[in-house]
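Hi everyone, thanks for coming. Let me put the structure up, and then we can walk through how the chains meet.

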There are 2 protein chains.
Amino acid sequence: MPTDATPPRSWVAAANDPGCDFPLQNLPYGVFSAGAEPPRCGVAIGDMIVDLVACEARGLVNAGGTFAAPQLNDFIAQGRAVWDRTRARLSALLAEDGDKSVPLVPMAQARLHLPIRVSEFTDFYASKNHAFNVGVLFRGPENALPAQWTHMPIGYNGRASSVVVSGTPIRRPMGQVRGQAGPEWTACRRLDLELELGAIIGADSPMGARVSVAQAEEMIFGYVLLNDWSARDIQAWEYQPLGPFQSKALGTTISPWIVTQAALEPFRCAGAERVNPLLPYLAEERPGFYDMTIGWTMNGQPMGRTNYNVMYYSSAQQLAHHTTSGCPMRVGDLLGSGTISGSGLEQTGALLEMTQGGQIPVMVNGQPRQFIEDGDEVGLYAFAQGQGYRIGFGPCTGRVLPATP
Amino acid sequence: MPTDATPPRSWVAAANDPGCDFPLQNLPYGVFSAGAEPPRCGVAIGDMIVDLVACEARGLVNAGGTFAAPQLNDFIAQGRAVWDRTRARLSALLAEDGDKSVPLVPMAQARLHLPIRVSEFTDFYASKNHAFNVGVLFRGPENALPAQWTHMPIGYNGRASSVVVSGTPIRRPMGQVRGQAGPEWTACRRLDLELELGAIIGADSPMGARVSVAQAEEMIFGYVLLNDWSARDIQAWEYQPLGPFQSKALGTTISPWIVTQAALEPFRCAGAERVNPLLPYLAEERPGFYDMTIGWTMNGQPMGRTNYNVMYYSSAQQLAHHTTSGCPMRVGDLLGSGTISGSGLEQTGALLEMTQGGQIPVMVNGQPRQFIEDGDEVGLYAFAQGQGYRIGFGPCTGRVLPATP
């Protein structure tokens, strides 16, 4: 935990509440609309949103007009010098002795939108606990952890078109599953969440080029919460040999606020202990994780909770691995961390693990749950705890609607 | 084969050559540039390209200015009525008694570009011969064909950012492979091609909606040749349990010309015989394949050659399956058919199959080949044979450059 005994304060009163997700030290980016105005870029502070278009019109910040877009891609594409300059400027404007005329919109009056146009979505599998737990359920304990797991970040390409912002309802999917006498067409019976962090890539890399872990760090703009909704019965029938497909395409919910790498920097820490050395292309010059509490709720009840530092591969390692083939990366690419699970059942980030494959129901507000039922709302949260403040992500929620047969 | 004894002729002389890929009946769309002009949309006829921007400027066609874009997405997004109207108009203009003032650019003077901005790329696995052959090599004969294979089109999300147009060099990738004593970092030693057809999706579908096979047919704009370059040694080490990732991200080459569904319609035919009934959502009201020769060359030498009608699942069935979860589809989505292989070794669409896992080299211009070597050029071709004409795709080539260690 950083030891700045008296953290700097903002003239936006709510930002100084120690339990507020959006203090002066955070300044996450998002896209919002209010009234009849079209969506535009903003920054969260306390219970308010800084209207960056109005700010730029008044000469308070300068981002080449990119804040007027309905997504952050054009701002992000300007590069780290612009990110750093804008953050420094907003920190000064919103500090206690800053400029109280900065145009703000109350968050309660705003609608929040998908913050980026997702170029492509890649999902990884970087919690050893999760990989082992799920491996046991899908393949038995002997084959639980794949042979290459401790040597490379395993990932697969997900579907970008079904990434939605927090609050978007999620429709229970229909699909093909293994039945008693051959395949069966059914509404999903084993609907699950996956508690993840998503890294937003902020720079392009050319085709044929490889990116080092250090370069990859420089390419990451920030992070969102990410719920990779999963249809476990569809997944079990479809996933061999080419990986999950329709079981993961029903929807992926991300938080509306992108917490920047800069805001998380004071919480940098090591991840899980390595069981073998990594090949040089995956070696880290410094720790690549953050000391950050992350958890989920169901219908408001706290469920699994752990720390991001249980992870085995960092987003920078995943990004470096992603380019080994020469695969070009683009601004707006979204890299899911993989489900974040600690070692205990109460630390797991998916019902599949928490209920041990649906065998042992958990109680939610006095009702048993094996998997997600229609009407259930799943929420994710995360925060890095400073002294007297915390860097939070705000909510990332989705409610499940019944299937359409 | 259609039986129109005297096929209609064009005033563009080369289009009437029975061996020409681009007769009046074809009219495939692409994006080209000539001289210092920016890339724009065009249609191939004989040895010429119709400059659609110049055509629209002269009032010969009407596509709302979309032909001036450097990709066909905006034209395609206007829908089937515009596709049909434009095709009928161009057919009339280019017919023997048409308008000889249509602005043409010699193909020899033009540079061809990627015809679409690829929204997302999904690759399937729909040749039973290929699935079985590769299954034997990766998992042995008992587990060769996955249990669900004859019940659903198996597919995975590929990487859109590495889709390139014919003629783009392909860099041999570096990667992590299984070594004698743990993983090894190496240039790929088992580089392969995959002979495929790619379907270009021409309409959006909303999130949460499912598309029937009949609706899916209506959403397909046309087809390209597609070479899904594959690093087999990287694939073998990485692909379990989440599917191929970096082994397929080094590059995917597509042909510059999109052959429309309308041009292929006269060649519609049934595919491979079904070994079991399909669930109703995959049932076809009419045959979904085309009687079309498809093959590949290496350094100019003919290699594998088969017919698209060996396939088990059509692009329309794949697209319908793709939406079972409610996954939204978008204009510019690219769906790879999967490797097209007949039953004999000389009919296979990948070296992995043709050389039986690299065990039995094949001769290429007097030189043995197990996999692709640096400097090798792979070309794909396909054509549907009419009486006195053929609907061809033109070349789809790529030459392999040495790895960058």
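When I say contact, I mean heavy atoms within 4.5 Å. With that rule, chain B brings 56 residues to the contact and chain A brings 56 residues. Please keep in mind that this is a predicted model, where local features need pLDDT of at least 70 and side-chain atom pairs count only at pLDDT 80 or more, while totals for chains, interfaces and linings use all residues. Residues are numbered from 1 along each chain as its sequence is written, chains are lettered from A in the order in which they are written, and side-chain values use heavy atoms, leaving out hydrogens and water.

So how do the copies meet? 100% of the interface residues of chain B are also interface residues in chain A, so the copies meet through the same surface.

How much area is buried between chain B and chain A? About 5,400 Å², with 60% from carbon and sulfur atoms; that is accessible area (1.4 Å probe) lost on putting the two parts together, summed over both. On the chain B side, B:Arg159, B:Leu242 and B:Phe245 lose the most, together 15% of what that side buries.

Finally, there are four salt bridges across the interface, meaning a side-chain nitrogen of Lys or Arg within 4 Å of a carboxyl oxygen of Asp or Glu. A:Arg159 pairs with B:Glu120 in a salt bridge, with the closest N and O atoms 3.4 Å apart.
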